Amino acid sequence: QGVTNWDDDMAKFLLGGDWDDDREDVDEDFISPLDQVDELLFLSDILNAAFQREPDAYQQIQGVMPPETVANVQKVFQAAEALRAQLTAQQNAQQNTHQG
């Protein structure tokens, strides 16, 4: 037939089939430094840094965003701060456990 596995997978993908059902996930064994990065905290830190560095530009951007988008961005900041507080509490609890 002359069709390779890649071609079969591509055909299944384009037709909406389960194109990767017979393979194990190779990514599960790979560890990257990026695995240690929490996307929510990263996004929050980057946006906060941008606001501090260029508050006028940030205000202009925020001024043209729809109100619901601005509210969603605020929710991201709140969720990031809640996560940061949770992680800090966990770290403190672990330190107290190891010291005790």
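Me: How many helices and strands does the protein have?
Reply: The protein has four helices and zero strands. Both are DSSP runs numbered from the N terminus, with at least four residues (H or I) for a helix and at least two (E) for a strand. The pattern along the sequence reads α-α-α-α.

Me: Where does the model come from, and what pLDDT do local features need?
Reply: This is a predicted model, in which local features need pLDDT of at least 70 and side-chain atom pairs count only at pLDDT 80 or more, while totals for chains, interfaces and linings use all residues. Residues are numbered from 1 along each chain as its sequence is written, and side-chain values use heavy atoms, with hydrogens and water left out.

Me: What share of the residues is buried?
Reply: Buried residues are 11% of the 100 in the protein. Buried means under 20% relative accessible area, exposed means over 50%, and partly exposed is in between, using a 1.4 Å probe and protein chains only.

Me: And the contacts, what share is between residues 24 or more positions apart?
Reply: Such pairs account for 56% of the contacts with a separation of 6 or more. A contact means heavy atoms within 4.5 Å.

Me: Salt bridges next. How many?
Reply: The structure holds two. The criterion is a side-chain nitrogen of Lys or Arg within 4 Å of a carboxyl oxygen of Asp or Glu.

Me: Which residue forms one with D45?
Reply: R84 does, and the closest N and O atoms are 2.6 Å apart. R84 is in helix α4 (residues 67-99) and D45 in helix α2, so the pair ties together parts 39 residues apart in sequence. R84 is partly exposed at 27% relative accessibility, and D45 is partly exposed at 38%.

Me: What about E81, which residue is its partner?
Reply: E81 forms a salt bridge with R84, with the closest N and O atoms 3.7 Å apart. Both lie in helix α4, three residues apart, about one turn of the helix. Salt bridges that share partners join D45, E81 and R84 into one network.

Me: Is S44 buried or exposed?
Reply: S44 counts as buried, at 0% relative accessibility. S44 sits in helix α2 (residues 39-53). Leaving aside neighbours within four places in sequence, S44 is in contact with F77, A80, E81 and R84.
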